[in-house]
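Reader: I have a structure to go through with you. Can we start with how its helices pack?

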Amino acid sequence: MALQKRKKIRRGLKMDLFSNKQSCCKAILRLLLSHVGLFLIVCLYAVLGAYLFIYTEAQQQQLATLNKQGAYRVMNSSKKYIVLDMFYQSRQNLTADKFKQLAWNNIYNFHNYIVKAATELRYDGTNNPVNDWSFYNSLIFTITTMATIGYGYVYPKSFNGQVYCIIYACLGVPIMLVFLANIGDFLANAFRYVYSRGCCVVCRIIRKKSEVKKSGQKPKSVFKEVVGNEPYMPTQEVQVPITVNVCVLALYLAVGGVIFVLWEGWQFSEAIYFSFITLSTIGFGDYVPGVSADYASTSIVLTIFRLATTLIYIVVGMALLSMCINLIQEQIVAKFRWLAKEIGMKEETDEDIRIKHKYRKTLHEVVTTPAGKDGNECQLHNLEDSKPIKNIRKTNPKGSGGGLVFTDLTQ
């Protein structure tokens, strides 16, 4: 008996440990799949990828530096040779045409070498080492790779770097898409909530005042209504107009334009162009943050602040653009459905008739919302016929809150 009790105790302990492990795993998964968790995963994956490409491309970058410095030495030697050769030829008995031809040949060959050195050997007139894979450039590269923007001004040249880039993108792109979808849904709900509780509340107040004139009763404040279950224009059914979405996008692009004008020295039109091309993941690469500006002369704190602000602007902007496109798509689909019903391509359902009756406008009076009803909802005995309401009597039953009560809906 004692042995069996011990076994039962051990089994109970094992089950408790197993249940504790399961609860811990669920808690970790909830944290990782939350907004903060996904943001931390994206940041960690981008930073680790940046250091990976810095390490992978270090040898290729050293080789590029040696080629550039070699081209710099050859360029200086060529300039000295041309000067000495022209000085020597000027002492010879040469005709003017022959001397001009000789000078032209030297300049032509020197020009061709400069073009070749600039395009193939990264020659820029200085002897500075090549620093393509700085942490700033590497982090921009990893973020733009995950977001499928791909500026193209920095890219892996080594075999290992190209293989790592393929693997990195295969894992990073889905992570970024999940993060953007998560943030996009959050922004859409927040935007719809702000629009419903900000702009639509004006319509609710006007509606309430119209009902007060008819019922004589003080209505409940619209700010005390349960969000999502408002009697008139519920938040869950409110659609943000296309013009509002376009204005939000324009404002966000304008903010980015001001930021990049101040930091990068671009024209405002160029900054707006860069913002849209980046947020739409087109990414031509003709304008890249951090390339035109002299970040070497700024402090490390300011450089980190600019890098973080740029990356946050890009990521949040992509989610915002996706959100606005989805909200605009909802409006367009709703308008096409309405048009199809109006021209007879699609039959109206009972729900469509109920909603049309619920939010209908009257020429002579505003129909008061009955107590306990959703909007102007009333149970029609014959929804298909949608007959107008004729007999209405004013009552004030105890506890009903007053208002108009529908007595006969079919006669």
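**Helix packing and a surface patch**

Author: This is a predicted model. To begin, α9 passes α10 in a right-handed crossing.

Reader: How is α9 oriented relative to α10?

Author: Helix α9 covers residues 268-279. Its axis and that of α10 lie 9 Å apart, at an angle of about 65°. Angles of 65 to 115 degrees count as roughly perpendicular. α9 is therefore, relative to α10, roughly perpendicular.

Reader: Are α8 and α10 roughly parallel or roughly antiparallel?

Author: Helix α8 spans residues 242-264, and helix α10 spans residues 300-342. They pack with axes 9 Å apart, at an angle of about 165°. Angles over 145 degrees count as roughly antiparallel. The two helices, α8 and α10, are therefore roughly antiparallel.

Reader: Is the crossing of α8 and α10 left-handed or right-handed, and how many nonpolar residues does the contact have?

Author: α8 and α10 cross in a left-handed way. By class, their contact has 1 charged and 6 polar residues. The nonpolar count in the contact of α8 with α10 is 17.

Reader: Now the surface. Which helix gives the largest share of the nonpolar patch?

Author: The patch is formed by Leu52, Phe159, Val163, Tyr164, Ile166, Ile167 and Leu171. Together they have about 670 Å² of accessible area. The largest share is 6 residues, and it comes from the helix at residues 159-198, α6.

Reader: Where is Leu52?

Author: Leu52 is one of the residues of the nonpolar patch. It sits in the helix of residues 35-56. That helix is α2.

Terms used: Residues numbered from 1 in each chain as written. Predicted model: local features only at pLDDT ≥ 70, side-chain atom pairs only at ≥ 80, totals over all residues. Heavy atoms only, no water. Axes fitted to C-alpha atoms, helices over the stretch in contact; angles between N-to-C directions. Helix = DSSP H or I, 4+ residues; strand = E, 2+ residues; numbered from the N terminus. Parallel < 35°, antiparallel > 145°, perpendicular 65-115°, else oblique. Left-handed = near helix turned anticlockwise from the far one by under 90°. Nonpolar A, V, L, I, M, F, W, Y, C, P; charged D, E, K, R; others polar. Patch = residues over 30% accessible without salt bridge, like charges linked within 9 Å, V, L, I, M, F, W, Y side chains within 5 Å. Areas by Shrake-Rupley, 256 points an atom, 1.4 Å probe, with all protein chains shown as cover. Salt bridge = Lys/Arg side-chain N within 4 Å of Asp/Glu carboxyl O.
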